[in-house]
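Please read these notes with the model open.

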Amino acid sequence: MKSESDPNSMPARKTSSQIRCPADAIPLGPWLTTVSFLLLLPATASAHTGTGAVGGFLSGFKHPVGGLDHVVAMVAVGLWGAFLGGRAMWLLPVVFPVVMAFGGALGVMGVPIPFVEKAIALSGIVLGLMVAFAARPNLKIAAIIVGVFAIFHGHAHGTELPTAANPMTYAIGFVISTGLLHLSGIALGLLTRWPRGKIVVRSGGVAIALVGFGFLFKLL
Amino acid sequence: MQHRISRSPLLPSVFVLLAVPTGAQAHGAIKGLEGFTSGLVHPLTTPAHVLVIVALGLLLGQQKPLDLKRPLLVLMPFLAAGLAFAATGIIAEIYQFLLPGIALCVATLVALQKTIPQMARNALFALAAVAIGLDSAPEPGSAAMIVKSLLGTWIVVVFLVFDVGSYAALAGRKEWSQIGLRVIGSWIVAISLLVLAFELKK
């Protein structure tokens, strides 16, 4: 079929928004524009991060995510909560920061607790296995298990607190960071609504338990 | 089939730009501010005040039956009294445990989602208002400047408690958002505990 347009005329230039793609392809034009914007962004300077209110917040925010043994345990709390479902999904992440802060307070004041590092590694193993085996104990028992481990995690953080940081903003950053790790676990745990998601979450539990073993036997 | 997003090429850019963090502006918020503006900003830049204000607002919004008016009517004069004491220098400094301690008590009630008797609620609001007022001593300056600064602080604290309380009451209509309020309460409890420990260590 012959085209009705003049074959000698130059084709009109297309803008990025007019770049058409096959029906099932993602249009590249908008994303090219986005990448161009991002290349123009300046890098932000991060001066004085160790001191003052902002430094205290950043220091506290980074502390819980600084150690893999802590991170996996926090995520495991959220995952397990999501697995238990109902009230447990939110009760465990409410219990953990409060009890952890109590442990942190003990650490700040120099009250000694034995076997802290081993208990933290053990928390990864126990919580990971709870997720891996999809264990559903009584809610009170689950809260006690989480609470006991939270004291050790809090104590470890409390004893490692930098003295120069602003205490108030340090605590705010620390608690928000911990809470966000729990929320990440809960978000991942919501995959359990689908059969394949359950497999993914339980596999995550196995991985967390393995990390715990790694720390317990000093392999990591 | 045409993807809808292709009609607005700037849309992804806007989303990405919104996610880009802004650079921290150390010491930029307070320097150069004075009078009314300084008073307005003061509670917002004092983390201990923010914690108490948020906790009071959440408690206010959680109470059943909802009553925003009476606790605020208690808050307003006691806050004014605290500010007046601070400005006149009658009480120069407050006990460092006071604000984190009040935040701890109020946030514990929020985390437990407890409705408390009106008398106890009013007493908590009065204590918190006096404590915030006493901890908001204005910078030295002319009498007019000090009054403007105190007025700014008074307005922003009352407004924020009312505002947080209103949003908490709206949020409390759904079960998941009630839980969200309790989670925020538990975070404030944890922060207050840690701060109290820091203070004890000093």
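Predicted model: local features only at pLDDT ≥ 70, side-chain atom pairs only at ≥ 80, totals over all residues.

1. Now the helix pair in chain B. Helix α4 (residues 69-88) of chain B and helix α6 (residues 118-134) of chain B have axes that come within 7 Å. They cross at roughly 30°. α4(B) and α6(B) are therefore roughly parallel to each other. The crossing of α4(B) past α6(B) is right-handed.

2. Which residues make the contact? From α4(B), they include B:Val74, B:Leu75, B:Phe78, B:Leu79 and B:Phe85. From α6(B), they include B:Arg121, B:Asn122, B:Phe125, B:Val130 and B:Ile132. By class, the contact of α4(B) with α6(B) has 16 nonpolar, 3 polar and 1 charged residues.

3. Chain A is built from 8 helices and 0 strands. Of its 220 residues, 43% are buried. Among contacts in chain A with a separation of 6 or more, 84% join residues 24 or more positions apart.

4. The mean pLDDT is 79, and 75% of the residues reach 70 or more. Among the elements of chain A, helix α5 (residues 116-132) has the highest mean pLDDT, 93. Helix α1 (residues 29-40) of chain A has the lowest, 61.

5. Two stretches of chain A call for a second look. Over residues 1-21 of chain A, pLDDT stays under 50, and the model has 14 contacts there beyond four places in sequence. Over residues 45-49 of chain A, pLDDT is also below 50. That stretch has 5 contacts in the model beyond near neighbours in sequence.

Notes
Residues numbered from 1 in each chain as written. Chains lettered and ligands numbered in written order. pLDDT = per-residue confidence, 0-100. Helix = DSSP H or I, 4+ residues; strand = E, 2+ residues; numbered from the N terminus. Contact = placed C-beta atoms within 7 Å. Buried ≥ 20, exposed ≤ 12 C-beta atoms within 10 Å, placed from the backbone. Axes fitted to C-alpha atoms, helices over the stretch in contact; angles between N-to-C directions. Parallel < 35°, antiparallel > 145°, perpendicular 65-115°, else oblique. Left-handed = near helix turned anticlockwise from the far one by under 90°. Nonpolar A, V, L, I, M, F, W, Y, C, P; charged D, E, K, R; others polar.
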